[in-house]
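Please read them with the model open.

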Amino acid sequence: MLKPVLQDAEFLADVADARADLRNLHLWWIGQSGFLVQWQDRHLLLDPYLSDSLTQKYADTDKPHVRMTERVVAPERLNFIDVTTSSHIHTDHCDPETLGPLLKANPKMELVIPEANRELVVNRLGLVAEIPYGLDAGATASLAGFKIHGFPAAHNLVEKDTSGRHKYLGYIVEAEPWIIYHSGDTKLFEGMAEALQPWAIDLALLPINGDLPERRVAGNLDGQEAATLAKQIGARLVIPCHYDMFEFNTASPEKFVSTSRILDQRCRVLQCGERWSSAELANRQP
């Protein structure tokens, strides 16, 4: 099993150390599509999966979710989170064994979800119906200094509920002056790149595990598609995700890296638990 580069107390110490650097935005990959974002001592979690719930659920089935990478940190130890997102209802993006302890450790934490999924999320987490902050594509929430915009995602299709609200979202996050695009689970769809171009995205966080029918799960961008999309939207940097978590649903980042080099698209492959800081880009002053 792969071991995170930083884990448990060492991971938490690195997060604490980064607080002293208020000039830079800091981000840690915490596995699958999960990221911790720190900006001026405020903390945003994007789609965290920090349990073994799926491994346990599918252990005795014909689709075992064998974990490849150890957990970075227990969710209850993240007691400093201001906002957490869930991009859709799949358990690796909306996990009760992750979100439940997070909510308990952070009683004032805002939980952002697709409005179309409110009933499912409330029932799964045992929440009061009004607690999650629901967004749809084109809607915006300003929470704890982060401005979060809903953006469509196709997993595998752009799906809507009977009220026309998107079941799968990506999120465009403004941590002024930085702009992050976290796609959630998505494939390419018509008009996607054109809709993202005006945002002048600094950092794109994109899945690379692809879409293989034999996996019998909804698919995502592959490495070549992720690198190409990042180039098309003018992202200053792209970081891959959604791999090295489950043996049956992973991919190597090699094609992502080689395509990025061919396209002259700046990229960074993180190890699980590793920090990225905006000092690697030309700083933008707040």
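**Notes on the model**

1. Asp47 sits in the loop between strand E3 (42-46) and H2; helices (H or I, at least four residues) and strands (E, at least two) are DSSP runs, numbered from the N terminus. The phi of Asp47 is near 45°, a positive value in a residue other than glycine. Asp47 has a relative accessible area of 0% and is therefore buried; buried means under 20% relative accessible area, exposed over 50%, and partly exposed in between, with a 1.4 Å probe and protein chains only.

2. On the source: this is a predicted model, in which local features need pLDDT of at least 70 and side-chain atom pairs count only at pLDDT 80 or more, while totals for chains, interfaces and linings use all residues. Residues are numbered from 1 along each chain as its sequence is written, and side-chain values use heavy atoms, with hydrogens and water left out.

3. His242 is another residue to check for its backbone. Its phi is positive, about 60°, although His242 is not a glycine. His242 belongs to the loop between strand E12 (237-241) and helix H7 (254-263). With 2% relative accessibility, His242 counts as buried. As background, most residues other than glycine have a negative phi, and most peptide bonds are trans.

4. Which peptide bonds are cis? The bond from His155 to Asn156 is cis, with omega near -5°. Asn156 is in the loop between strand E8 (146-152) and strand E9 (169-175). Glu176 and Pro177 are also joined by a cis peptide bond, with omega about 15°. Pro177 is placed in the loop between E9 and E10.

5. Strand E1 (residues 26-31) has six of its six residues buried, so the rest of the structure largely encloses it. E1 pairs with strand E2 (residues 34-39) in the antiparallel sense over five bridges; two strands pair if DSSP finds at least two bridges between them. Within this pairing, Gln38 in E2 is the bridge partner of His26. E1 and E2 form a hairpin with two residues between them, and Gln32 in the turn has a positive phi of about 55°.

6. E1 also pairs with strand E13 (residues 275-277), again in the antiparallel sense, over three bridges. Here Trp28 stands opposite Arg275 in E13.

7. How many disulfides does the structure hold? The number is zero, a disulfide being a pair of cysteine sulfur atoms within 2.5 Å. Cys94 is in no disulfide, and the nearest cysteine sulfur, that of Cys241, is 17 Å away. Cys94 is buried, at 0% relative accessibility. For Cys241, the closest cysteine sulfur is in Cys272, at 11 Å, too far for a bond. Cys241 is buried as well, with a relative accessible area of 1%.

8. A search of the whole structure finds twelve salt bridges; a salt bridge is a side-chain nitrogen of Lys or Arg within 4 Å of a carboxyl oxygen of Asp or Glu. One of them joins Lys3 and Glu70, with the closest N and O atoms 3.1 Å apart. Lys3 lies in the segment before helix H1 (9-18) and Glu70 in the loop between helix H2 (53-57) and strand E4 (83-85), so this pair ties together parts that are 67 residues apart in sequence. Lys3 is exposed, at 58% relative accessibility, whereas Glu70 is partly exposed, at 26%.

9. Asp62 and Arg216 form a further salt bridge, their closest N and O atoms being 3.3 Å apart. Why does the pair tie together parts that are 154 residues apart in sequence? Asp62 lies in the loop between H2 and E4, and Arg216 in the loop between strand E11 (203-207) and helix H6 (223-233). Asp62 counts as exposed at 62% relative accessibility, and Arg216 as partly exposed at 48%.

10. Asp211 forms a salt bridge with Lys187, and here the closest N and O atoms are 2.7 Å apart. The pair links distant parts of the chain, 24 residues apart: Asp211 is in the loop between E11 and H6, and Lys187 in the loop between strand E10 (178-182) and helix H5 (192-196). Asp211 is partly exposed, at 27% relative accessibility, and Lys187 is partly exposed with a relative accessible area of 24%.

11. Finally, a network of salt bridges links Glu115, Arg118, Asp161 and Arg165.
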